[in-house]
Amino acid sequence: MYFPPLDIPLSLSANFGELRPNHFHMGIDYRTNGREGLNIHAIEDGFVSRVKISPFGYGKVVYIDHPNGITSVYAHCSKFLGKLDSIVSLQQIKEQNFEIDFKPDSNLIPIKKGEIFALTGNTGNSSGPHLHFELRDTKTELALNPLVNGFDVYDTIPPTIQGIKIYALNKDVYRWPNKSKIANVVRNKNLYSILNNKLTLTSDYCSDGGIGFSLEAEDHINGYTHDFSYFGSILLVNNDTVFIHENDEISFDGSKFINTHEDMDEYRKSKRKFQKSFKTNENYLESYSTSKKGIIPIQPKDSLHVQYFVYDTHNNQSELSFDLKVLPGNPNKNVFNITNCILPNSKFTYQDSLSTIEIPEGCVYEPVSTNFQAKTNITIGSNGTAIQLPIQVKLKIRNSELPLEKYFIKVGGNNKYLETTYEDGWLIAQSKYLGTFSIDIDTIAPVFVASNFNQNDSIIKKSILTWKISEEKTQLKDYDLFIDNEWQLLEYESKGSYLYFNKPKDLKGLHKIKLIVKDACENARIWEKDIWFE
Ligand SMILES: [Zn+2]
């Protein structure tokens, strides 16, 4: 039995495998009564193996390795306590950085089962106070579903099914363009069917490939009003198992395959979340088991019996079953067009006098058509399309009137800054999204304003000093506070963009204070003043 990570009754706000932008939810979220500062307990004996502090992602997060081969992860903390806190502070001072990714030796921070080592919070990409809790296999780093690994919840309610979607697929399990349809379902207790119990497909759904299905369903847990993600689904056709999907473990590389597991086109269009029961050769998500990739060959006039089972971790189950009829007519004799396409199973390089794009093998999920032209910008796919591996983009600076570091590459409709380097008059960046890439310049330093004191005052009585930061075009690269030329720890919170200085208790009297804030294009703003601390 593990020790519960919180003192309060454990209450879930999200479970494992939930569909998030660009990733699966790799743990569970526990409510913290809407507040920060609740005690976090170690679930088992062990030692702190990693501490990461970042204004993004998991915020302040602690990893504890246990003797049973499991690592427990506690994210979005507000504060560390005791020995952990003092060792982390020393590390930050040593690195002169608030943001650290620190892996202490196994004997440095031992932890006892039940020990309180941190307080809950809302740091990083968190939209409200909660504890994000994960279990991982220490060796493989696979994230494990806590609900089936010692953190069970009482649940007698089966998942509900909202709809299914049917796709025409080619022999490589790529979707034929504009050849899919949604069927909504009717419910009778835990049995679901299609209206009139029958679904028809036109004969042009038949090709050298077959058809595939995706499922829109969600789980419900006793005592909760909001929905959760279901644990697993099984697709059977004519009593033959075609595809099993089960959220028992997911790797961090695997998590990105959500961009092909979920029907993202449908999500962008209607906000409905369909999870596919078919996969391409290049989809290595761990949570599938299938021998046939989920593709179902069909002929005109075929009749199939389709069954979908969807279940939660307690095996509460709902079933959808219906007959599928293929109408008579001509099958689709076209050849799947992959000319001018970037393909999932090969690398791709484009080069002209102004731009170079390098796309590694296994980057896109399905063929992406492309039409390059030497222009001031270059477009690959559509803005915001997530890819499995980053691509490299090089753009040539044509008239460099400014120092090189003022130029950067941006991507997409929202002109997102990409971390840019320089080489022989070229800008180089990696991108995790497709879209339109172009060059921009930034010559303006970030702006900061004191938000809980007056920057003109010469006497400060506050114990915490706060500044609000804004950076228009790129991103904050560095922020440093010096008092009498000595580096001080500043905390940066990306939500709302604030810098915090927790004034040491013994800091009193007259001191020289200097704050430097720098963006990615080396534009720096400096504020210096002699201040009397009360
Ligand atoms: Zn979470």
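**Reading a domain interface and a zinc site**

Guide: Let's start where domain 2 and domain 3 meet: one salt bridge is counted between them. This is a predicted model, so local features need pLDDT of at least 70 and side-chain atom pairs pLDDT 80 or more, while totals for chains, interfaces and linings use all residues. Residues are numbered from 1 along each chain as its sequence is written, and side-chain values use heavy atoms, with hydrogens and water left out.

Visitor: Which residues form a salt bridge, and how far apart are the closest N and O atoms?

Guide: In general, a salt bridge is a side-chain nitrogen of Lys or Arg within 4 Å of a carboxyl oxygen of Asp or Glu. Here glutamate 366 pairs with arginine 175, and their closest N and O atoms are 2.7 Å apart.

Visitor: How much area do domain 2 and domain 3 bury between them?

Guide: Buried area is the accessible area (1.4 Å probe) that two parts lose on being put together, summed over both. For this pair that's about 940 Å², with 49% of it on carbon and sulfur atoms. On the domain 2 side, Tyr174, Lys256 and Glu282 supply 51% of the area buried against domain 3, more than any other three residues.

Visitor: And what coordinates the zinc ion?

Guide: Donors are N, O and S atoms within 2.8 Å of the metal (3.2 Å for Na, K and Ca); water is not among the atoms, so sites may look incomplete. In this model His25 (NE2), Asp29 (OD) and His132 (ND1) coordinate the zinc ion at 1.9 to 2.1 Å. Along the chain, the donors follow the spacing H-x3-D-x102-H.
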